[in-house]
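The report below describes a single structure through its salt bridges, its strands and the packing of its helices. Please read it alongside the sequence and the coordinates.

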Amino acid sequence: DVLLDDRRRAFVRGGREAGLTAREFALARALFERAGDVCTRTELLTSVWGPNFDGEPNVVDVYAGYLRRKLADIEATTAIRTVRGIGFRLEPA
C-alpha cells in the first residue's frame, strides 16, 4: 500500500507523504527492490554506504528505525521486519 516516489524521494500512501533523506531513500530503494526477500546487513551496507564503509554496521539498524517511523507516520501497512542475526525484509504488516 506504499509507493516509493523517486521524484519526490518519499514514501507515499494515499494523500499522505513522508519525505526521506538521501541515505534513507537509498536504503528504502534497496529494500523495495527485494521486497519479501531478506537483505543482509552486509548487502545493505555495501549498496547504501559503499564497499569501503568504515563505520559501525549497526547504522543499518538505526536507519531501518528511521524508515519504520516514517512508515508509521503515514499509517502504512508495509513493514520492515528484522530477521534476527541476518538483516531485514520488507513485507506486508
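E43 is partly exposed, with a relative accessibility of 37%, where buried means under 20% relative accessible area, exposed means over 50% and partly exposed lies in between (1.4 Å probe, protein chains only). The side chain of E43 meets that of R34 in a salt bridge, at 2.9 Å from N to O, a salt bridge being a side-chain nitrogen of Lys or Arg within 4 Å of a carboxyl oxygen of Asp or Glu. R34 is likewise partly exposed, at 30% relative accessibility. This is a predicted model, in which local features need pLDDT of at least 70 and side-chain atom pairs count only at pLDDT 80 or more, whereas totals for chains, interfaces and linings use all residues. Residues are numbered from 1 along each chain as its sequence is written, and side-chain values use heavy atoms, with hydrogens and water left out.

By the salt-bridge rule the count comes to 10. Among them is the pair of D5 and R8, whose side chains meet at 3.0 Å from N to O; D5 is buried, with a relative accessible area of 16%, whereas R8 is partly exposed, at 39%. D5 and R8 also belong, with E17, to a network of salt bridges. A further salt bridge joins R29 to D6, with the closest N and O atoms 2.1 Å apart. This pair links distant parts of the chain, since R29 lies in helix α1 (residues 22-33) and D6 in the loop between β1 (3-5) and β2 (10-13), 23 residues apart. R29 counts as partly exposed, at 24% relative accessibility.

## Strands and hairpins

Helices (H or I, at least four residues) and strands (E, at least two) are DSSP runs numbered from the N terminus, and two strands pair if DSSP finds at least two bridges between them. Strand β2 pairs with strand β3 (residues 16-19) in the antiparallel sense over 4 bridges, and A10 has G19 in β3 as its bridge partner. The two strands form a hairpin with 2 residues between them, and G14 in the turn has a positive phi of about 60°.

An open sheet of 3 strands has the order β4-β6-β5, with antiparallel pairing. Its edge strands are β4 (39-40) and β5 (78-83), each of which pairs on one side only. Between β5 and β6 (residues 87-92), which run antiparallel, there are 6 bridges, and R81 has R89 in β6 as its bridge partner. β5 and β6 form a hairpin with 3 residues between them, and G85 in its turn has a positive phi of about 80°. On the other pairing, β4 and β6 are joined in the antiparallel sense over 2 bridges, with F88 in β6 as the bridge partner of C39.

## Helix packing

The axes of α1 and helix α2 (residues 41-49) come within 9 Å and cross at roughly 130°, axes being lines fitted to C-alpha atoms, for helices over the stretch in contact, with angles from 0 to 180 degrees between N-to-C directions. The two helices, α1 and α2, are therefore oblique to each other, given that angles under 35 degrees count as roughly parallel, over 145 as roughly antiparallel, 65 to 115 as roughly perpendicular and the rest as oblique. In this packing, R23, A26, L27, A30 and L31 in α1 meet L44, S47, V48 and W49 in α2, contact meaning heavy atoms within 4.5 Å.
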